[in-house]
Amino acid sequence: AQTEAEVRTLLSCAPRGPVFIDVPEGSALETLVRTIGFEPVFQTARMHCGPAPQGTAPAYYAVATLELG
């Protein structure tokens with residue numbers, strides 16, 4: 001989703017109840033979802049082993065599920 005209308009369309013498909021998404025801090029997507037009422041409730045850490053990934057991160061992306069155990 002790249003626009004508020006697209007985000008709202010996707011949200012309309014979600015079951016009633018809370019919706020949680022993980023977005024990169026400081027991203028355009030974070031700004032967008034905050035404008036429609038999302039707010040932080042907890043944070044996760046993105047981690048990797050070895051050299052840091054190179055290149056530009058996608059403009060919009062989110063994790064579909066957070067496996068907490």
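The largest pocket in this predicted model has a volume of about 530 Å³. A pocket here is an open set of points on a 1 Å grid over the protein atoms alone, where a 1.4 Å probe fits and protein lies on both sides within 12 Å along at least five of seven lines. Its volume is the space filled by probe spheres set on the points, which are joined across faces, edges and corners. The lining comprises 19 residues, and I21, D22, V23, P40 and F42 lie nearest the centre. Lining residues have an atom within 4 Å of a point. By class, the lining holds 11 nonpolar, 2 polar and 6 charged residues. Nonpolar covers Ala, Val, Leu, Ile, Met, Phe, Trp, Tyr, Cys and Pro; charged covers Asp, Glu, Lys and Arg; the others, Gly among them, are polar.

Local features need pLDDT of at least 70, side-chain atom pairs count only at pLDDT 80 or more, and totals for chains, interfaces and linings use all residues. Residues are numbered from 1 along each chain as its sequence is written, and side-chain values use heavy atoms, with hydrogens and water left out.

V23 also belongs to the largest nonpolar core, whose 6 residues are V7, V23, L29, L32, V33 and I36. Helix α2 gives the largest share of this core, 3 residues. Such a core is a set of buried Ala, Val, Leu, Ile, Met, Phe, Trp, Tyr and Cys residues joined through side-chain atoms within 4.5 Å. Buried means under 20% relative accessible area, exposed over 50%, and partly exposed in between (1.4 Å probe, protein chains only). Helices are DSSP runs of H or I with at least four residues, numbered from the N terminus.

Side chains of opposite charge can pair when their charged atoms come close. The structure holds 2 salt bridges. The criterion is a side-chain nitrogen of Lys or Arg within 4 Å of a carboxyl oxygen of Asp or Glu.

| Salt bridge | N to O distance | Helix |
|---|---|---|
| R8 and E4 | 2.9 Å | α1 (residues 4–12) |
| E30 and R34 | 3.2 Å | α2 (residues 28–35) |

R8 and E4 sit 4 residues apart, so about one helical turn separates them. R8 is partly exposed at 43% relative accessible area, and E4 is partly exposed at 35%. E30 and R34 are likewise 4 residues apart, about one helical turn. E30 is buried at 17%, while R34 is partly exposed at 43%.

The disulfide count is 0, with a disulfide taken as a pair of cysteine sulfur atoms within 2.5 Å. C13 is exposed at 64%. C49 is exposed at 82%.

E25 lies in the loop between α1 and α2. This residue, E25, is exposed at 71% relative accessibility.

How values were computed
Helices (H or I, at least four residues) and strands (E, at least two) are DSSP runs, numbered from the N terminus.
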